[in-house]
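This briefing is meant for a first look at the structure shown below. Please keep in mind while reading that the model is predicted.

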Amino acid sequence: MNKLIEFIEKGKPFFEKLSRNIYLRAIRDGFIAGMPVILFSSIFILIAYVPNAFGFYWPSGVEALLMKPYNYSMGLLAMLVAGTTAKSLTDSINRDMAATNQINYMSTLLASIVGLLMLAADPTADGFATGFLGTKGLLTAFLAAFVTVTIYKVCVKNNVTIRMPDEVPPNISQVFKDVIPFTLSVVFLYALDILVRHFVGTGVAEAIGQFFAPLFSAADGYVGITFIFGAYAFFWFVGIHGPSIVEPAIAAITYANIDTNLALMKAGEHADKVLTSGTQMFIVTMGGTGATLVVPFMFMWLCQSKRNKAIGRASVVPTFFGVNEPILFGAPIVLNPVFFVPFILAPIVNVWIFKFFVDTLGMNSFTTNLPWTTPGPLGIVLGTNLQLLSFILAALLIVIDVIIYYPFVKVYDQQILEEERTGKSNDSLKEKVVANFNTSKADAILEKAGVGSEETPVHNNIVKETNVLVLCAGGGTSGLLANALNKAAAEYGVPVKAAAGGYGAHREILPEFDLVILAPQVASNYEDMKVETDNLGIRLAKTEGAQYIKLTRDGQAALAFVQEQFN
């Protein structure tokens, strides 16, 4: 097993480079920016269709009223994501452009939306069709965004713009500067649509859907879901943020399948699409990557070693809400040969069982998007509209995951018991975790659940109000550190205010902050982030895994860490 992990680690630089690809990141950040729309629309789905589980059906007029907000939000998701993806890609490209010759992200956002309409909105007698402006048009939205921003980059970099005299106000000059790249990008996409209609007989959006249909069908099979969701855990285990690689590749199909399932359910048919965003969040990563929901409870109740019991107590609450870094780094589970098999196997078995429930037992798949912090069992039940089978499935997955993890937890507990008896710890494992996750001595930090370093001194060298932004992958664990900072600042009278956010959705608010702290999951973006913070004169710090866990649990230490950045 150790040799296998060493072999896997050799490919880590390639996958890290892949996870930082600006196009993959633009897709992911574009979806993050559009998440309020997705979650807002889901409220009305829950109101409209959850009562069906109890035999109650709204009158058609009331159902239409409830579905209008959904149709005008989720129904236009592709159009909105075309803009947010273009904006994100523009931000990434601007980091390498001269500060005096930047691409106007608002212009690329608008051009991308107009370009998508050219590709996806067929004219009708009363206006235009919107069938491909929702989830069905997401792939076309990415195409429109990428083409638009690429044309803008070429034009702006080579000064292919209308330049106005210096006397003209900047806001007016910017309008003329954008005219040529805006026109070229929209006309290019329009020409593409004309060519595709001539040679294929359909619009670009429909043609893309037809082209990828076999791939999407294969991805929804047992082999496809095994490969896709096994990759989530695999990448995380070797120290790479898996969703940064996998999510952009499947985002379009997962959200489109939610919409397809909803349409099937409304028509009284079987909602049978397994590959959905709900599957990823509540079946595969129930309790976080590796399906670790049950692991802290097992550490807390089944282990005999004091250290493992303490880690379980410290991790159980955040893991219940999908934030499982404490157990991943505290045990550690990642890069630990003992946990390689269950960490990869549990998510795969979970999704196999879910597919069996859908395909064989006739259970409807997910029809609703819910926040990823929804506890896994609750997400399963609500996301599938309170079907009886969903309750059985949630309970079964917990039992199965306990069975999968149990022998490995017991083996690991025996190892830790031996370490506690002899006083010798597994330094080689710690060194691997440090090398791959920038973590160290997580076991020592989490010996006492919820207790960090009580004696961290506070030397207040901050005399003016200081705003701190904590960034993680999705805005989850960053909230823990921000809360710890705010509490400590209030207690010790230090003028520090902290806020949390997800990397990629930070650029508009960045000028409001004096310090940015990167969580371990996004620490690999340090160099890219430093370009942004240096341009704004903002301080930047990154944290190691075990250090980060300590700071989230010890506000005094977190405050001292912030003060160190201003020494």
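Phe343 touches Ala233, Trp236, Phe237, Thr289, Gly290, Thr292, Leu328, Ile333 and Tyr405, when residues up to four places away in sequence are not counted. Phe343 is also listed, with Phe299, Ile380, Leu393 and Tyr405, among the residues with the most contacts inside the largest nonpolar core, which has 64 residues.

**Nonpolar cores**
- A second, separate core has 41 residues, among them Leu66, Tyr70, Leu133 and Ala207.

**The open sheet and its helices**
- Four strands form an open sheet with parallel pairing, in the order β4-β3-β5-β6.
- Because β4 (496-502) and β6 (539-542) each have a single partner strand, they stand at the edges, and one side of each is left without a neighbour in the sheet.
- Strands β3 (residues 466-472) and β5 (residues 515-518) pair in the parallel sense over 4 bridges, and Leu469 has Val516 in β5 as its bridge partner.
- Helix α21 (residues 477-492) lies across β3, β4 and β5, running at about 175 degrees to β4, while helix α24 (residues 555-564) lies across β3, β4, β5 and β6, at about 125 degrees to β5.

**Glu532**
- Glu532, which lies in helix α22 (residues 526-536), counts as buried because its relative accessibility is 10%, and buried means under 20%.
- The side chains of Glu532 and Arg95 are joined by a polar contact of 2.9 Å.

Note on methods:
Residues are numbered from 1 along each chain as its sequence is written. This is a predicted model: local features need pLDDT of at least 70, side-chain atom pairs count only at pLDDT 80 or more; totals for chains, interfaces and linings use all residues. Side-chain values use heavy atoms; hydrogens and water are left out. A nonpolar core is a set of buried Ala, Val, Leu, Ile, Met, Phe, Trp, Tyr and Cys residues joined through side-chain atoms within 4.5 Å. Buried means under 20% relative accessible area, exposed over 50%, partly exposed in between (1.4 Å probe, protein chains only). Contact means heavy atoms within 4.5 Å. Helices (H or I, at least four residues) and strands (E, at least two) are DSSP runs, numbered from the N terminus. A polar contact is a pair of N or O atoms within 3.5 Å; within protein, one must be able to donate a hydrogen and the other to accept it, and residues adjacent in sequence count only if both atoms are side-chain atoms. Two strands pair if DSSP finds at least two bridges between them. Axes are lines fitted to C-alpha atoms, for helices over the stretch in contact, and angles run from 0 to 180 degrees between N-to-C directions.
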